[in-house]
Amino acid sequence: MRLSDIKTILHAEVLWGEEHLDREVFSACGSDFMSDVLAFVKDKTVLITGLTNIHVMRTAEMLDIHCVVFARGKVPSEEILEEARDLGIVVLATEHTTYTACGLM
């Protein structure tokens with residue numbers, strides 16, 4: 001699935017990385033526990049979370065996550081968006097809960 005498809009399915013807003021929406025991903029993980037993400041995530045994944053701290057971007061960097069979707073209408077700080085730009089990680093935001101976003105995808 002392409003990130004552009006995920007944007008459409010989740011009615012998500014692109015907070016950074018519009019030019020990278022053609023990237024393809026093969027799995028998704030929905031969690032607010034970065035330890036679980038570290039234990040279970042594979043390459044080319046989308047992370048769906050309601051956690052809005054810098055640890056999300058550190059985890060995404062370590063696991064080669066292509067996109068982070070912030071759920072429940074959460075908006076990350078400018079520091080997080082700046083880190084996403086530096087790492088080339090697409091950032092989306094959706095009003096859906098993590099559970100609903102996972103189900104829709």
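This is a predicted model: local features need pLDDT of at least 70, side-chain atom pairs count only at pLDDT 80 or more; totals for chains, interfaces and linings use all residues.
Let us begin with Ser31, which sits in the loop joining β2 (27-30) to α2. Is Ser31 buried or exposed? Its relative accessibility is 10%, and buried means under 20%, so Ser31 counts as buried. The Ser31 side chain comes to 2.9 Å from the backbone nitrogen of Phe33. Beyond its neighbours within four places in sequence, Ser31 is in contact with Asp36, Val37, Leu47, Ile48, Thr49 and Thr98.

One of those partners, Leu47, leads us to the largest nonpolar core. That core holds 18 residues, and those touching the most other members are Val37, Leu47, Val56, Met57, Ile65 and Val68. Two or more residues each come from α2 (34-40), α3 (54-62), β4 (67-70) and α4 (78-87). The most, four residues, come from α3. Setting aside residues up to four places away in sequence, Leu47 touches Cys29, Ser31, Met34, Val37, Val56, Ile65, Cys67, Val68 and Val69. There is also a second, separate core of 15 residues, with Leu10, Val14, Ala71 and Leu92 among them.

I turn now to α3 itself. Which of its residues are buried? They are Ile54, Val56, Met57, Thr59 and Ala60. Their cover includes α2, β3 (45-49), β4 and α4. At the N-terminal end, α3 is capped by Asn53, with a side-chain oxygen 2.9 Å from the backbone nitrogen of His55. After α3 comes Asp64, with a positive phi near 55 degrees.

To close, Ser31 and Val56 are both among the residues that Leu47 touches, and Val56 is one of the buried residues of α3.

How values were computed: Residues are numbered from 1 along each chain as its sequence is written. Side-chain values use heavy atoms; hydrogens and water are left out. A nonpolar core is a set of buried Ala, Val, Leu, Ile, Met, Phe, Trp, Tyr and Cys residues joined through side-chain atoms within 4.5 Å. Buried means under 20% relative accessible area, exposed over 50%, partly exposed in between (1.4 Å probe, protein chains only). Contact means heavy atoms within 4.5 Å. A polar contact is a pair of N or O atoms within 3.5 Å; within protein, one must be able to donate a hydrogen and the other to accept it, and residues adjacent in sequence count only if both atoms are side-chain atoms.
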